[in-house]
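Visitor: Could you take me on a close look at the disulfide in this structure and tell me about its surroundings along the chain?

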Amino acid sequence: REEPAPPPAAAQATPPPIAEATPKPAAPPAAPPVSEPKSPPRRTESVATGDLSVVDAKLCRSLSTSSWTCTPATSPAAPGVFFFYTRILSPRDATVQHRWSVDGRLVRSVNLRIAANPSAGYRTYTRNTVAANRRGDWTIELRDAKGALLHEERLTVR
């Protein structure tokens, strides 16, 4: 099946491919890091509400939608592009929201329509560029249409 190229918009929703690639863990560095160690962003456990169930939610530095491969973001991170990838099971069409906040201030909220997909889950993502003047403690949330928190990622941008 051929899919059209994704539009340049910041939020995109794409039906799942037939097969899903499993990201491979990065090889450990050859030498110990010179600066402070980097750790993955803090995550909350995903929850299910109503008919929605979160299969996967990740904060990524890069994301391939052809194989749904995520390069995980580490914290602290340099300013730049980040992707919030989510895969959600739902027996019917629904709306979810990705909310990007820095230091407790909401800077971006994107409503995403997801198609019914009760078996493999529907994949979607948002992309956000964090400029140097937006350094701070970031919180990225996945919420359902009623505002219930389904998943949260935290990241420090320095």
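Guide: About 8900 Å² of accessible surface belongs to the protein chain, and carbon and sulfur atoms account for 54% of it. Keep in mind that this is a predicted model. Of its 158 residues, 39% are buried. Take the contacts between residues at least 6 apart in sequence: 65% of them join residues at least 24 apart.

Now to the part you asked about. The structure holds one disulfide, formed by cysteine 60 and cysteine 70, with their sulfur atoms 2.0 Å apart. Ten residues separate the two cysteines in the chain: cysteine 60 sits in strand S4 (residues 52–64), and cysteine 70 in strand S5 (residues 69–72). The torsion about the S-S bond is about -115 degrees, so this disulfide is left-handed. Are its two cysteines buried or exposed? Cysteine 60 has a relative accessible area of 0% and is buried. Cysteine 70, at 6%, is buried too, because buried means under 20% relative accessible area.

Tryptophan 68 lies in the loop between S4 and S5, and its phi is near 55 degrees, a positive value in a residue other than glycine. At 3% relative accessibility, tryptophan 68 counts as buried.

Follow the chain past S5 and you come to the loop between S5 and strand S6 (80–90), where proline 76 is found. The peptide bond leading from serine 75 into proline 76 is cis, with omega near 5 degrees.

Aspartate 103, which is not a glycine either, has a phi of about 50 degrees. Its place is the loop between strand S7 (94–102) and strand S8 (105–114). With 43% relative accessibility, aspartate 103 counts as partly exposed, whereas tryptophan 68 counts as buried.

One last stop is strand S11 (residues 149–157), which contains glutamate 153. Glutamate 153 has 2% relative accessibility and therefore counts as buried. Its side chain makes a polar contact of 2.8 Å with the side chain of histidine 151.

To come back to your disulfide: it joins cysteine 60 and cysteine 70, one in S4 and the other in S5, and it is left-handed.

Conventions:
Residues are numbered from 1 along each chain as its sequence is written. This is a predicted model: local features need pLDDT of at least 70, side-chain atom pairs count only at pLDDT 80 or more; totals for chains, interfaces and linings use all residues. Side-chain values use heavy atoms; hydrogens and water are left out. Helices (H or I, at least four residues) and strands (E, at least two) are DSSP runs, numbered from the N terminus. Buried means under 20% relative accessible area, exposed over 50%, partly exposed in between (1.4 Å probe, protein chains only). A polar contact is a pair of N or O atoms within 3.5 Å; within protein, one must be able to donate a hydrogen and the other to accept it, and residues adjacent in sequence count only if both atoms are side-chain atoms. Contact means heavy atoms within 4.5 Å. Accessible areas come from the Shrake-Rupley method with a 1.4 Å probe; for residues, only the protein chains shown count as cover. A disulfide is a pair of cysteine sulfur atoms within 2.5 Å.
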